[in-house]
Amino acid sequence: MNIGSTSFRTIAVLLCCVLLLSCSGRKARTMDGLNSLKEAGELSLLEYTMSTTFEETTDRWWLAGDESKVLFSCRAYCEYGLDMKDFDPEKVSIDRATNSISLTLPPVKRLHFSLPENEIKLVYARRKPFGEDYVNDAEARRRVKARGEREILRELDSLRLDREAAERGRTWFTAMLGDLGYENIEINFGSDGKVER
């Protein structure tokens, strides 16, 4: 009887040790995975292409009214995601008893924005001089490109793509942590709901 309870206690202690080791192993794997992402740097969550058209006018003094107006179209490429270099491992909380994990990721950012010059097109000009200026004059091209960037960034901000990127990030991290065996997963973002530019 006494021997049986001792062996039962030994088995129970061994089982607890195995459970603790497997939990600490999972914690180590979790932190290794998150630190690998931190070392990797940027994590792209959403790529988006935006096109727009806008009207521009020339400063040529002999053109007046509609004659001075031209229409341009342009297309830009942008990417939203996380800069994992800003990830703080101190913002990870693991509760072994409830098999839970909570972590705060860096804020969603617009990681990249590009409006290549070959994506800027002269669509319409009642009079050609300003269109010719755009082709031949670097200053005119710079001015039109700057206007195109402003127009597209304004439209992008109204779409709230940072929120869509955050939801994709939440889904991706939830799946990754679920694969590691966590049952209760809470994902937050720094400056939640506000995109960094």
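Phe-54 is buried, with a relative accessible area of 4%; buried means under 20% relative accessible area, exposed over 50% and partly exposed in between, with a 1.4 Å probe and protein chains only. The model is predicted: local features need pLDDT of at least 70, side-chain atom pairs count only at pLDDT 80 or more, and totals for chains, interfaces and linings use all residues. Residues are numbered from 1 along each chain as its sequence is written, and side-chain values use heavy atoms, with hydrogens and water left out.

**Aromatic pairs**

Rings of Phe, Tyr and Trp (its six-membered ring) pair if their centres lie within 6.5 Å; planes under 30 degrees apart count as stacked, over 60 as edge-to-face and the rest as tilted. By this rule there are two aromatic pairs. In the stacked pair, Phe-54 and Phe-72 are 5.9 Å apart centre to centre, with 25° between the planes. This pair links distant parts of the chain, since Phe-54 belongs to strand S1 and Phe-72, 18 residues apart from it, to strand S2 (residues 69-83). Helices (H or I, at least four residues) and strands (E, at least two) are DSSP runs, numbered from the N terminus. The edge-to-face pair consists of Trp-172 and Phe-173, at 4.9 Å centre to centre and 80° between the planes.

| Residue | Relative accessibility | Class |
|---|---|---|
| Phe-72 | 0% | buried |
| Trp-172 | 39% | partly exposed |
| Phe-173 | 0% | buried |
| Cys-74 | 3% | buried |
| Cys-78 | 5% | buried |

With a disulfide defined as a pair of cysteine sulfur atoms within 2.5 Å, the count comes to zero disulfides.

**Nonpolar core**

A nonpolar core is a set of buried Ala, Val, Leu, Ile, Met, Phe, Trp, Tyr and Cys residues joined through side-chain atoms within 4.5 Å. The largest one has 36 residues, and those with the most contacts inside it are Tyr-80, Leu-82, Met-84, Leu-103, Leu-105 and Phe-173. Among the elements that give two or more residues to this core are helix H1 (2-40), strand S4 (100-105), helix H3 (138-159) and helix H4 (161-179). S2 gives the most, with seven residues. Contact means heavy atoms within 4.5 Å. Not counting residues up to four places away in sequence, Leu-82 touches several residues, including Leu-45, Leu-105, Val-108, Leu-111, Phe-173 and Phe-189.

Thr-52 lies in strand S1 (residues 42-57) and is buried, at a relative accessible area of 9%. Beyond four places in sequence, the residues that Thr-52 touches are Phe-72, Ser-73, Cys-74, Glu-151, Ile-152 and Glu-155. The side chains of Thr-52 and Glu-155 are joined by a polar contact of 2.6 Å. A polar contact is a pair of N or O atoms within 3.5 Å; within protein, one must be able to donate a hydrogen and the other to accept it, and residues adjacent in sequence count only if both atoms are side-chain atoms.

Asn-188 is found in strand S7 (residues 184-189) and counts as partly exposed, at 23% relative accessibility. A polar contact of 3.1 Å connects the side chains of Asn-188 and Glu-186. Apart from neighbours within four places in sequence, Asn-188 is in contact with Ser-102, Leu-103, Thr-104, Leu-105 and Arg-170. Asn-188 and Pro-106 are 82 residues apart along the chain, and their C-alpha atoms are separated by 8.6 Å.
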